[in-house]
Amino acid sequence: MAKTIKKILVTGSVGQIGSELTLALRERYGAENVIATGRKTKPSDALLRSGPFYFINVSDMDSVEEMVKKHNIDTVFHMAAILSAVGEKNPQLCWDVNMNGLYNILELGLKYNMTRLIIPSSIAVFGPGIPLNNTPQETVLKPTTMYGVTKVAGELLGDYYFRRFGLDVRGLRYPGIISSETLPGGGTTDYAVEIYYKAVEQKRYTCFVREDTALPMMYMPDCIKATMDLAEADPSKLKHHADYNLAAMSFSAGELAASIKKYIPEFVVEYKPDFRQAIADSWPNSIDDSAARNEWGWQPSYNLDAMTRDMIEKLTARHQQGKLYG
Ligand code: AKB
């Protein structure tokens with residue numbers, strides 16, 4: 001019989017995914033049973049009002065262990081990470097947060113005999129040598145960024161703790177995530193979020209990747225659903241553990257701009273690629289996620305136009321109230 005999830009710790013709860021995931025977990029498991037944590041950034045009022053919040057440093061074992069002991073944690077959603085673009089500016093910090101943070105979570109999972117650990121990975125695990133279209137679950141993993149290196153090592157570590165110690169570690173390779181609530185912090189796919197904000201605010205955007213750059217992407221409601229579905233999936237059905245390919249849609253920056261123009265016809269985009277272009281070029285155009293579909297029933301709901309409609313409606317309403325950025 002699989003153990004059940006009762007008391008959850010969310011690391012990185014102030015981040016783009018963590019902030020919305022924490023609210024969804026609180027709905028599902030009860031506000032007091034979801035302990036939200038962050039490193040430095042001030043949490044939003046919505047997050048603070050919704051349940052307990054603490055500052056911790058995931059690279060510092062004592063600070064994480066104190067939370068685990070104090071709140072009897074049996075499940076961790078480990079969302080704290082330094083993303084690809086910031087990771088290239090500060091590779092040492094990226095290694096420290098992503099590797100030492102993950103190692104601490106895995107060791108505490110063992111020590112406190114935890115039910116489940118959810119440790120996100122990313123399309124950043126891929127690099128030169130992959131088939132760029134419909135990149136398969138099993139392929140060469142030679143990332144060129146420090147973020148990608150830490151994500152490959154994280155997947156291998158997660159699988160190791162499962163095989164060697166029987167710890168129930170699960171992870172997804174997130175595509176670029178697009179959302180309307182919390183801005184992403186320092187990734188290569190950030191342009192796909194910024195473009196909506198600028199379209200609503202200024203009707204112009206300068207995009208830091210080329211018009212023909214295509215990447216796998218996903219809307220936040222699908223990302224939250226995938227994360228919670230995997231966490232609750234029947235362990236006897238899972239053949240993979242820390243490395244599920246996950247997909248919803250793929251489009252180029254030009255196709256994204258064209259989708260926005262359907263709602264804001266006067267919208268104008270300029271393309272001025274910077275250092276993030278090389279990172280984007282090393283990642284897949286699209287992903288084969290049939291393992292996720294077959295093993296735990298993954299099925300996305302949003303395509304590009306459905307996402308654009310929802311993003312523009314939400315951001316326009318906030319902009320009209322003078323609260324576009326919260
Ligand atoms: C990034 O761009 O670094 C992230 C990711 C794809 O993991 N959004």
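Let's start with Ser122, which counts as buried because its relative accessibility is 4%; buried means under 20% relative accessible area, exposed over 50%, and partly exposed in between, with a 1.4 Å probe and protein chains only. You'll find Ser122 in strand β6, residues 121–122. Strands here are DSSP runs of E with at least two residues, helices are runs of H or I with at least four residues, and both are numbered from the N terminus.

Before going on, a word on where this comes from. This is a predicted model, where local features need pLDDT of at least 70, side-chain atom pairs count only at pLDDT 80 or more, and totals for chains, interfaces and linings use all residues. Residues are numbered from 1 along each chain as its sequence is written, and side-chain values use heavy atoms, leaving out hydrogens and water.

Back to Ser122: what does it touch? Not counting residues up to four places away in sequence, Ser122 is in contact with Tyr147, Lys151, Leu172, Arg173 and Tyr174, where contact means heavy atoms within 4.5 Å. The side chain of Ser122 also reaches the backbone nitrogen of Ala124 at 2.8 Å. And although Ser122 and Glu155 are 33 residues apart along the chain, their C-alpha atoms are separated by 9.7 Å.

Now, the sheet. Six strands form an open sheet, in the order β3-β2-β1-β4-β5-β7, with parallel pairing. β3 (53–55) and β7 (169–170) each have a single partner strand, so one side of each edge strand is left without a neighbour in the sheet. Two strands pair if DSSP finds at least two bridges between them.

Let's zoom in on β1, residues 8–11. Ile8 and Val10 point one way from this strand, Leu9 and Thr11 point the other way, and all are buried.

Which residues stand opposite Val10? In β2 it is Ala36, and in β4 it is Phe77. β1 pairs with β2 (residues 34–38) over three bridges, in the parallel sense, while four bridges join β1 to β4, also parallel.

Next, the loop between α3 (61–71) and β4 (75–78), the place of Asp74. Asp74 is buried yet has no salt bridge, and the nearest side chain of opposite charge, Lys6, is 5.5 Å away. A salt bridge is a side-chain nitrogen of Lys or Arg within 4 Å of a carboxyl oxygen of Asp or Glu. For charge, Lys and Arg count as positive and Asp and Glu as negative, while His and the chain ends are not counted. The backbone of Lys6 is another story: its nitrogen lies 3.1 Å from a polar atom of the Asp74 side chain.

Asn72 sits in that loop between α3 and β4 too. Asn72 has a positive phi of about 55 degrees although it is not a glycine, and at 63% relative accessibility it counts as exposed. Finally, look at Asn134, in the loop between β6 and α6 (146–165). Asn134 also has a positive phi of about 55 degrees without being a glycine, but it is partly exposed, with a relative accessible area of 46%.

Conventions
Polar contact = N/O pair within 3.5 Å; in protein donor to acceptor, adjacent residues only side chain to side chain.
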